[in-house]
Amino acid sequence: MVPDTRPDTPEGTPDTPSAVRPRRRVLRTAGLIAVAAVIGLVGGTATGYGIQAERAPTPLPALNQPGLAYPKPLPKGEEPEPLSAAEDRQVKANGDLRKLLVPRPKGARADGEDGWESLAVHASGYKGPSNMLANQLDLGIRRVATRSWMSGELRSVTIQLVQYRSGSRAGAAEHVENQQRIASREDRSGSSGEEVKGSGNGRYYVFPVKRKPGYLDLYMARAYIQHGDIAIMIIMSDTRKIAEKDIRSLAEQQLERM
């Protein structure tokens, strides 16, 4: 058996060495000091909050925003007269759109739709009719008024007034911007177009001639104008060159009627 080499513990003495006792006293003292410090901190914080609560609130500086003041209402009898039907654009827009269409020129022959146009027929005039119909419904299309005619030998003109519902999306503006972007492409007019006078964002485009063996030359011009919740679209085609003034003049005439 291997002898136990550990020193014997004398009888009547504790098992813990005497050197540990002073250390415990030091730890107790340190703990008491720490508790006292925490109590003092909490007490000081509470006293500080109490003093602050008893103080009068500091007033905030006065707001200086004279621009928010509303004008005083005019005295009775001095209010401005309401707009007439001719001056109120909304009255026109909510009325019969067909009456806003430019009249067919003298000598021109009716061709195609003249009046209200269904959404299905309207979408069929675009490439990818089903996608176009879904897009128009998403934009909130409301109704379409159109007028088409033929003049001269083979000049075709179509005017469309497309009205959109009011909502979170500006349907007329979005549709006009999309059509202007397409008209500006290199395979179309290849230009940013010209401004329609008095429209703000209206543009007209004269396309280069398209030639194909066995077919007559094709000349085209377009105008796209946004007027409130109505998109004005003018499509002109001919086998002879279209003068810039022709599409510009027609766009200005249609805008004047809105």
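A residue counts as buried when its relative accessible area is under 20%, as exposed when that area is over 50%, and as partly exposed in between (1.4 Å probe, protein chains only). The structure is a predicted model, in which local features need pLDDT of at least 70, side-chain atom pairs count only at pLDDT 80 or more, and totals for chains, interfaces and linings use all residues. Residues are numbered from 1 along each chain as its sequence is written, and side-chain values use heavy atoms, with hydrogens and water left out.

**Salt bridges overall**
- A salt bridge is a side-chain nitrogen of Lys or Arg within 4 Å of a carboxyl oxygen of Asp or Glu; the count under this rule is 12.

**The network around Arg 155**
- Salt bridges link Arg 155, Asp 238, Lys 245 and Asp 246 in a network.
- Arg 155 is buried, at a relative accessible area of 16%.
- Arg 155 and Asp 238 form a salt bridge with an N to O distance of 2.9 Å.
- Because Asp 246 lies in helix α6 and Arg 155 in strand β3, the pair ties together parts 91 residues apart in sequence.
- Asp 246 is partly exposed, with a relative accessible area of 22%.

**The pair Arg 240 and Glu 153**
- Arg 240 forms a salt bridge with Glu 153, the closest N and O atoms being 3.2 Å apart.
- Both Arg 240 and Glu 153 are exposed.

How values were computed: Helices (H or I, at least four residues) and strands (E, at least two) are DSSP runs, numbered from the N terminus.
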